[in-house]
Amino acid sequence: MVCKKCAALPEAFGYGFDGNLDGGRLDPDPSALKSHRQVRHHTTYADLDNSARSGCTVCMLFKKALLKAYVQGLHVSVKEVKRLHRRCDRRLQVSRAEGTQPLTAFFVWLDYFKITVPIYLPNDEGFVGLVFARCFLQEREDGSISNSGPPSDITAHVWLSSRPDGAPAREWGVLGRDPTTTVDFSLARGWIHDCLNNHEECTKTTDSLLPSRVLDLGSADGLNLRLLVNERGEHRGSYATLSHCWGTSQPLKLLKANYSEFRGRIRYQELPRTFQDAVVATRSLGLRYLWIDSLCIIQDSDVDWEEQCAKMAHIYKSSFVTLSAPEASDNRDGFLCDRRAPLFSTTVQFSTGKISCSISLSLLNHTNRRLYNTRSAWSFLREPDTSPLSERAWVMQEALLSGRVLSFTADQMYMECRKFARTDRLHHPVAGWAKRKRTYRRHNFSLRSLSELTDIRRSHESWRDLVSHYATLELTKGTDKLPALSGLASEVHQATGDQYLAGLWLEDLPWGLIWKSTFVPSLPLDSPYVAPSWSWASAGKASIDWSKDFVAESDGFFPDENEPQLCVTAVGITPSGQDPFGMVKEGSYLEVLGKTLPPGCLDIDEPLGSWQVSLDMYESGVQHGALGSFYWDNEAYILGAKRGVFGYWLLLLGFDNLGGGAALALEPVSGQPRTFRRVGLVEGRERSRIADTTGRITEPDDRDTSDWESLTDGMSDADDVDGFQTFEDLFRDLEPRTIRLV
């Protein structure tokens with residue numbers, strides 16, 4: 001049963017509707033759909049409540065969605081939300097008594113969504129729900145009344161869905177698909193079949209060389225599995241890979257001691273739940289082989305780990321499909337669980353001449369999501385950004401290297417390939433998913449675009465964007481910083497031919513050195529060696545960014561008239577294992593030719609944050625003008641960030657066209673002449689922000705001056721650097737010298 005207000009909604013939205021909603025005739029005309037129309041519903045909360053209590057299932061759904069949205073939007077109780085709406089009702093009663101227009105009313109509008117795939121829908125768009133909100137009213141110049149938006153931007157979303165073979169899906173633009181209570185593997189197989197046969201961009205291989213070790217699920221008993229060794233490369237076939245979180249426990253893993261046993265049999269019942277689900281999913285997709293890192297890499301062998309890590313790019317690129325468990329924080333959690341039931345749902349029956357069908361309206365039960373923020377259906381069609389898997393560093397390259405990723409959550413199953421994304425929440429595939437999802441591919445970095453690169457500069461831009469996200473992700477072992485990215489680094493190298501330098505690229509220098517940490521990690525100086533100090537990988541888990549003032553997305557990162565001020569003359573990067581893109585040995589270095597400014601002419605003014613301080617130019621202890629900002633690489637280097645002489649050397653990287661620039665802050669390495677370690681980045685301000693002052697370079701007191709003589713040869717203590725007006729003026733009279741960075 002529905003009330004008159006709800007029964008009038010289809011016609012109001014442009015559907016030729018005749019009769020009441022139960023058994024009436026619906027003749028939809030897509031060209032007449034009023035996609036932006038906001039239809040006025042009940043005026044007061046009391047009207048909505050009374051209609052729901054009288055049996056209108058749609059009003060009942062609207063009411064529940066409204067209360068839920070306000071509870072989550074205002075962080076108050078249901079009781080307080082009801083009190084709020086009753087107070088609004090009382091104000092309406094006063095306005096009516098005074099003969100004035102009411103202040104608010106409830107409105108409903110369609111939640112439209114573009115799938116950008118015209119072959120599936122005439123206008124490449126449809127709708128996934130209804131938006132319900134209490135909105136302010138305003139009078140237009142022509143005397144008509146319209147709404148001016150909901151208070152606090154709080155809106156409630158009601159999901160619309162239908163059967164795949166019904167008229168709503170075929171003709172009316174209803175994109176939502178009726179959910180199933182369990183995983184529909186036949187649907188997943190159909191997605192993969194369509195991808196294989198119709199997507200030129202996607203992986204076509206169905207007979208790949210199997211990894212050197214893989215799990216063989218084709219046992220005679222149909223239950224257990226075994227470890228298949230393929231070190232000679234004689235076995236081929238299609239295999240799945242698993243992307244998962246290890247969690248705190250690892251009850252079963254491949255070791256030297258159980259290697260022979262695993263080759264004979266691995267008992268299915270002894271597998272943790274996530275691995276069991278991976279076996280079920282692989283078999284349900286019609287595949288015989290499965291690769292799981294902890295069961296296919298010998299976990300107590302560093303040599304084997306290094307060998308397999310070097311093959312990671314090939315393993316995931318050649319995989320038929322990668323199975324992903326975003327919400328499983330531990331191997332014991334599993335991912336083939338029953339779906340979350342909607343908080344409330346109802347079905348409305350329609351009749352279109354000879355065809356009768358139904359549309360389901362649901363209040364979805366999503367956890368960790370703001371149900372009141374419904375500007376985009378994407379918030380309902382993806383895992384939360386804080387899901388356990390999305391925070392794991394290793395997963396980023398697993399997702400980007402894989403041709404197809406099939407993910408399982410308690411809300412949905414969805415598959416991403418290089419052309420489309422599909423979810424069992426929608427009837428049709430969606431293009432542009434990668435750009436809309438706030439995950440790794442938001443940086444527009446994908447192997448599809450990488451393989452088409454003709455400009456090496458674009459590759460460097462993509463790499464910096466990727467690293468900015470990667471650096472914030474979690475690693476159980478800090479020393480895995482470079483190995484967890486080695487597969488992607490290998491792909492970039494193959495596409496561009498550029499030389500990889502522990503997280504940076506030779507052809508991207510010196511621009512690649514202009515990284516800064518905007519959230520300084522607390523990393524003890526005696527931590528295990530990960531990378532040379534000039535690489536972002538040395539900063540631990542940090543928020544890494546490249547200075548956009550100097551690394552611009554234009555023709556040349558610095559203006560054409562300003563040449564780079566640093567030249568790399570020698571490189572010494574030594575891998576510590578068999579992976580040339582993995583861990584590096586301590587002592588890896590860059591030799592550079594550049595202008596180097598000794599300590600003594602800069603002053604720390606005051607902290608701007610826990611990672612940043614302001615620098616000034618001074619002469620004889622007198623402050624003259626703001627120079628720029630200094631960003632620490634590591635909290636361990638912060639000397640209280642107090643006022644005083646800036647005690648680090650500066651290595652000039654380059655200028656912008658306004659007189660600003662960038663330089664590395666360095667400290668000498670004891671006992672190694674002309675050898676320095678990076679401690680931070682200095683951004684010099686542009687000309688318009690620096691006063692016309694003068695300064696003098698003087699030898700600092702009470703500081704290590706072991707390298708002073710070699711780097712200030714020919715410059716006396718009394719030499720003036722006249723007319724400091726810009727950051728560029730600091731370095732104007734200095735001669736380039738060769739130093740080593742470690």
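Analyst: In this predicted model, the charged end of arginine 740 lies over the ring of tyrosine 589, at 3.6 Å from the ring centre. Arginine 678 provides another such contact: its charged end sits over the ring of tryptophan 515, 3.6 Å from the centre.

Turning to contacts between rings, a pair of aromatic rings is described by the distance of the centres and the angle of the planes. Pairing requires centres within 6.5 Å, and by this rule the model contains 15 aromatic pairs. One of them joins tryptophan 291 and tyrosine 316: the ring centres are 5.8 Å apart and the planes stand at 80°, so the pair is edge-to-face, the term for angles over 60 degrees. This pair connects distant parts of the chain, since tryptophan 291 belongs to strand E13 (residues 289-291) and tyrosine 316 to helix H12 (residues 312-317), 25 residues apart. Tryptophan 291 and tyrosine 316 are both buried.

For tryptophan 632 and tyrosine 648, the centres are 6.3 Å apart and the planes are at 85°, so this pair is also edge-to-face. Tryptophan 632 and tyrosine 648 are buried.

Aromatic residues also group beyond pairs: Trp463, Tyr500, Trp505 and Phe581 form one aromatic cluster.

Note on methods. Residues are numbered from 1 along each chain as its sequence is written. This is a predicted model: local features need pLDDT of at least 70, side-chain atom pairs count only at pLDDT 80 or more; totals for chains, interfaces and linings use all residues. Side-chain values use heavy atoms; hydrogens and water are left out. Rings of Phe, Tyr and Trp (its six-membered ring) pair if their centres lie within 6.5 Å; planes under 30 degrees apart count as stacked, over 60 as edge-to-face and the rest as tilted. Helices (H or I, at least four residues) and strands (E, at least two) are DSSP runs, numbered from the N terminus. Buried means under 20% relative accessible area, exposed over 50%, partly exposed in between (1.4 Å probe, protein chains only). A charge sits over a ring if NZ of Lys or CZ of Arg is within 6 Å of the ring centre and within 35 degrees of the ring normal.
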